[in-house]
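I opened my notebook to record what I looked up.

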Amino acid sequence: MKIRSDILRIYQAVHTWGGICAGMLLFIGFFGGALTMFKEPLDRWVSAPTVSASPLAPAQVDKVVADVLAAYPAAREEFTLHVARHENTPAPVSWQAGESGHEIDFGLVRWQATLDGQGALAVEQVKPSLLAQLIDMLHRTGGIPGTLGEEYFGIYVMGVAGVLYFLALVSGVVLLLPTLVKDFFALRAGKNRKRFWLDAHNILGITSLPFHIVISLTVVVFAFHDQFYDGLRGIVYRERPMFVPPAIHNVPGDATKLLPASELVRRVQQQAPGFEVTELLYMGVESPRPIVRAAVASPRHVVQGAETGFVILQPYTGDILSTSMLPGQGNTWSAMVAPFFALHFGSYGGVTVRWLYFVFGLAGAALFYTGNLLWIEKRRKNQLKNGPLPAQPLRTALIASATVGVCLGSVAGIGACMVAAKWLHAFNAHANDAYPTVYYAIFLACVAWAFARGAARAGRELLVACAVTALAIPVTSVAGALVPALNMWAHTSPATLGVDATALVLAGLFAWAARLAARRAAQGPADSVWANATDAAQAAPEAVRKVGT
Amino acid sequence: MSAEMGDKTKRAPIRPDWWGKTFAGAVLGATLAFALAGIFAWAGPGGIAPPDKSQFVMWLIAPVWMTVFGFVWLFRSGMLALLWLGGANLLAWGLLFLVRG
């Protein structure tokens, strides 16, 4: 397909500037997003084992609920009944004081309740793992601190990055169209390094284009949905209601007359055959509008939440109030909206799709990384044959350092948080309080390192740091399992072992990338920002000689 | 919208006009998307009443806005982008006020 050169020139500019402005933020978004595919295994991996009570019979669970509601007024506002119990949710009932806001509360304290050996209520104060929430926050904000209104400021920045990302996609496709057939799947690994990176960049982009279009559009919506709804309310709907509130039961409920939880689960299962009920969230049981939000999971359905669909019930009558978030049973409109969410969250097709999204997420991160590399390579001054090394423009060196520091810093920071969680426990500290410190300390240290050492050395060294951090994750688990005196642990459920195994694989990938970067720095063209010579004295005589060989 | 304009003046290269076109795509693209979503809300299937339709209407805004924004640099000049998108906005908003009553 032929496209006029003036159009190509303009879209080339859109592509490079959109990409370079949003690339690093999108790298963090994609790397964090890939990890959030396995939020639950991550939280299970990092949750210290507790002495788990023997499984309770349904009647015993109902007794826990009744006793908790009688003794703890905060639970009457909201509590969770964990039907599916894992390492991170060992007790059947948990609640917290006050509402949780949009921001992560790293000091969050919850209570959990079960029955002790004598059948009496046993309540314990716990700090639930916030690791997955931390990663999710980094995914949504890029780690940009601060709030704007009730929302993280970083979410809006990420929304703008989403706009630039979409523009970069459109312009990237426009640029590729004229040579699509010729270039598609041609990975030319010859002498021309730039060609190789461009081919790799194009293959990554084109093969996952639908995924990227979906992600960019949903990022824009997730960032600005409040503004979109406000706009629609002001100009389109005006006094008409945009949402139907759940029915009001005029008589405030009496918490002692709640239906047994097992009965609610039974009704949900009747309504949603083939789904697993994972938890019941009770809200305002003594208010005029008591509801239970039952989370239902199924690998075979497109669900609207990040992990589950929902059924809304009335906890006193067991009436089903809403199935609009239950796959296949909402009305046409909610059924048409569900895929938008599911396509972003990868919450369809069970574990297979989660792994697929994990790979796409990492590939996306690689797309932005290679994009930045291309930008840098394109702007370097070439060395004339037998000429001296040209001084490279400062801005390419700075962008190169920033790319290396920010991208690899976010990876090392997240890895360090995971490792720190178990070691802090060994020293009787709780990781939640330390997560922000650990993440930002490592992240900023990596960025500083990248600027101090220059992109070529720092790229290699930070890749080694990422590999070591990733390797420390399974090593810590092994240490916890072998040396109980360390007061650490290693869970043995497949999901948590998967976390260790994945970290091991990633450690191998980072080590391999570090080797490639080292070879590149030593043997690649000396006039590249990725060559050792550029970092050292600009015209190191050795490097000049090396070019001829 | 710009393909036919391109035919008339095959030789004149497109001017980048970064400020004008980017403004047209970012702002006029957004207002156009709101108006089109609003028209769909009132005149589309089911009218304004169905519960949960507002969610779908909200989801329409970003794709329309982004599509306009993505292709706005195909206009021959920033002025033409402003004129065409401004005109489309007038039309869409007029239609919205008409169907909204």
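These entries cover a predicted model.

**Entry 1: salt bridges**

I began with charged pairs. How many salt bridges are there over all chains? The count comes to 13.

A:E87 forms a salt bridge with A:R44, and the closest N and O atoms are 2.6 Å apart. Then I checked where the two residues sit. A:E87 is in the loop between strand 1 (78–82) and strand 2 (93–96) of chain A, while A:R44 is in helix 2 (residues 39–46) of chain A, so the pair ties together parts that are 43 residues apart in sequence. Are these two residues buried or exposed? I found A:E87 buried, and A:R44 is buried too.

Next I turned to A:R140. A:R140 forms a salt bridge with A:D136. Their closest N and O atoms are 3.3 Å apart. Both residues lie in helix 5 (residues 131–141) of chain A. They are four residues apart, about one turn of the helix. A:R140 has a relative accessible area of 31%, so it is partly exposed. A:D136 has 17%, which is under the 20% limit, so A:D136 counts as buried. I also noted a network of salt bridges that links A:K39, A:D136 and A:R140.

**Entry 2: chain B**

I moved to the other letter. What is the secondary structure of chain B? I found four helices and zero strands. Along the sequence, chain B reads α-α-α-α. Chain B has 101 residues, and buried residues make up 50% of them.

I then looked up a charged pair here. B:D17 forms a salt bridge with B:R15, with the closest N and O atoms 3.3 Å apart. B:D17 is partly exposed, because its relative accessible area is 25%. B:R15 comes to 49%, so B:R15 is partly exposed.

**Entry 3: two helices packing**

The crossing of helix 1 and helix 12 of chain A is left-handed. I also sorted the residues of this contact: 16 are nonpolar, seven are polar and one is charged.

**Entry 4: pairs apart in sequence**

I looked up A:L177 next. A:L177 lies in the loop between helix 6 (153–176) and helix 7 (180–183) of chain A. A:L177 and A:M1 are 176 residues apart in sequence, yet 6.1 Å apart in space, C-alpha to C-alpha. A:L177 has a relative accessible area of 26%, so it is partly exposed.

A:V65 was my second case. I found A:V65 in helix 3 (residues 58–71) of chain A. A:V65 and A:A113 are 48 residues apart in sequence and 8.6 Å apart in space, C-alpha to C-alpha. With 8% relative accessibility, A:V65 counts as buried.

**Entry 5: a nonpolar patch**

Which residues make a nonpolar surface patch of about 410 Å²? I listed A:V505, A:L509, A:W512 and A:L516. I followed one of them, A:L509, which lies in helix 16 (residues 494–523) of chain A. A:L509 has 44% relative accessibility, so I put it down as partly exposed.

How values were computed
Residues numbered from 1 in each chain as written. Chains lettered and ligands numbered in written order. Predicted model: local features only at pLDDT ≥ 70, side-chain atom pairs only at ≥ 80, totals over all residues. Heavy atoms only, no water. Patch = residues over 30% accessible without salt bridge, like charges linked within 9 Å, V, L, I, M, F, W, Y side chains within 5 Å. Areas by Shrake-Rupley, 256 points an atom, 1.4 Å probe, with all protein chains shown as cover. Salt bridge = Lys/Arg side-chain N within 4 Å of Asp/Glu carboxyl O. Buried < 20%, exposed > 50% of the residue type's maximum accessible area, 1.4 Å probe, protein only. Left-handed = near helix turned anticlockwise from the far one by under 90°. Nonpolar A, V, L, I, M, F, W, Y, C, P; charged D, E, K, R; others polar.
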